[in-house]
Amino acid sequence: MIKQVKIRCKNSGQTIMVDVGSTLAEIYEILIKEHSLNLVTDPVCAKVNNKTEGLNFRVYNAKTIEYMDITSSTGSRVYTRTLFLVLCKAIHDLYPDGSVVIDIPVSNGFFCDLKIGREVTPDDAAALRERMHEIINAGLPIERHECLTEEAIEMFEKLGEHTKVDLLKTTGKIYTIYYELDGYKDYYYGSMMTNTNQLFLFGLEPYYDGLLLRIPSIDDPSKYGPFVRQDKMFDIFREH
């Protein structure tokens with residue numbers, strides 16, 4: 001007999017029984033058959049006992065769950081982080097020796113400092129944008145892995161990801177979670193979506209000497225946030 005556990009959903013106020021080891025995605029499918037969760041978009045993550053988890057998180061005992069869509073600040077961060085992974089995968093595919101730093105929130109998006117050994121051109125933005133669409137449309141699973149931190153350090157050392165190695169050495173954690181997309185491995189602090197086809201809107205365009213990754217608006221996910229040039233603030237960030 002399969003053991004079941006009690007799950008309370010804060011969105012609907014209902015309590016259901018689910019099989020031990022069920023993922024948050026599987027529990028969501030059970031819930032929506034009978035209850036309305038009042039979400040604007042499909043959920044991108046959930047708070048499990050008030051801790052944010054990806055939808056591939058499995059439950060093994062009683063939990064309180066609140067599903068989050070992209071109109072929440074938590075859901076927007078998960079969506080954006082998943083876009084980062086897809087962009088990094090696209091760069092890895094098109095510019096194997098290239099690298100990118102995504103670190104400045106500006107103009108309702110994120111500035112991407114792309115290093116490919118030459119000046120970044122509009123053609124580069126178009127090629128990366130097309131590759132990202134291909135990855136998203138392919139519906140590729142985003143796999144979550146957990147291993148000993150020393151094993152993760154060894155793996156990223158072999159991949160030549162020295163910045164990630166330095167970061168992992170300072171976390172002080174025994175175990176590390178990393179993500180894999182079609183053979184490309186990367187480390188992020190926070191949860192991810194489970195499949196690339198859950199991404200429905202993004203923009204990528206030339207901006208200064210790099211690229212601007214645009215993300216859906218929290219207020220209206222069908223649109224980007226308004227493009228507002230913030231030249232002075234951007235210059236201060238770059239100087240810092």
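The buried residues of helix α4 are covered by elements that include β8 (142-148), α5, β9 and β10. Here, contact means heavy atoms within 4.5 Å. Helices (H or I, at least four residues) and strands (E, at least two) are DSSP runs, numbered from the N terminus. The model is predicted: local features need pLDDT of at least 70, side-chain atom pairs count only at pLDDT 80 or more, and totals for chains, interfaces and linings use all residues. Residues are numbered from 1 along each chain as its sequence is written, and side-chain values use heavy atoms, with hydrogens and water left out.

The buried residues of α4 are Thr149, Ala152, Ile153, Met155 and Phe156. Seen down the axis of α4, they fall within an arc of 165°, so they line one face of the helix. The arc is that of the directions from the helix axis to the C-beta atoms. On the other side of α4, Glu150 and Lys158 are exposed. Buried means under 20% relative accessible area, exposed over 50%, and partly exposed in between (1.4 Å probe, protein chains only). Gly160 follows α4 and has a positive phi, near 80°.

Two packed helices are described by the angle between their axes and the distance between the axes. Helix α4 (residues 149-158) packs with helix α5 (residues 162-169) at an angle of about 165°, and their axes are 8 Å apart. Axes are lines fitted to C-alpha atoms, for helices over the stretch in contact, and angles run from 0 to 180 degrees between N-to-C directions. The two helices, α4 and α5, are therefore roughly antiparallel to each other. Angles under 35 degrees count as roughly parallel, over 145 as roughly antiparallel, 65 to 115 as roughly perpendicular and the rest as oblique. The crossing of α4 past α5 is left-handed. That is, the near helix is turned anticlockwise from the far one by less than a right angle; clockwise would be right-handed. From α4, the contact uses Thr149, Ala152, Ile153, Phe156 and Glu157; from α5, Lys164, Val165, Leu168 and Lys169. By class, five residues in this contact of α4 with α5 are nonpolar, one is polar and three are charged. Ala, Val, Leu, Ile, Met, Phe, Trp, Tyr, Cys and Pro count as nonpolar, Asp, Glu, Lys and Arg as charged, and the others, Gly among them, as polar.

Helix α1 was examined next. Its residues Leu24, Ile27, Tyr28 and Leu31 are buried. They cover an arc of only 105° around the axis, which puts them on the same side of α1. An α-helix has 3.6 residues a turn, so residues three or four places apart point the same way. The buried residues of α1 pack against β1 (4-9), β2, β3 (45-48), β4 (51-53) and β5 (63-68).

Thr23 lies in the loop between β2 (15-19) and α1 (24-32). Thr23 is buried, at 9% relative accessible area. Leaving out residues up to four places away in sequence, Thr23 touches Leu55, Asn56, Phe57 and Arg58. Gly183 sits in the loop between β9 (175-181) and β10 (184-186). Gly183 is partly exposed, at 48% relative accessibility. C-alpha to C-alpha, Gly183 and Thr23 are 23 Å apart in space, and they are 160 residues apart in sequence.

The loop between β3 and β4 holds Asn49. Asn49 is not a glycine, yet its phi is positive, about 50°. Asn49 is partly exposed, with a relative accessible area of 44%. Asn50 is also placed in the loop between β3 and β4. Its phi is positive too, about 70°, although Asn50 is not a glycine. Asn50 is exposed, with a relative accessible area of 63%.
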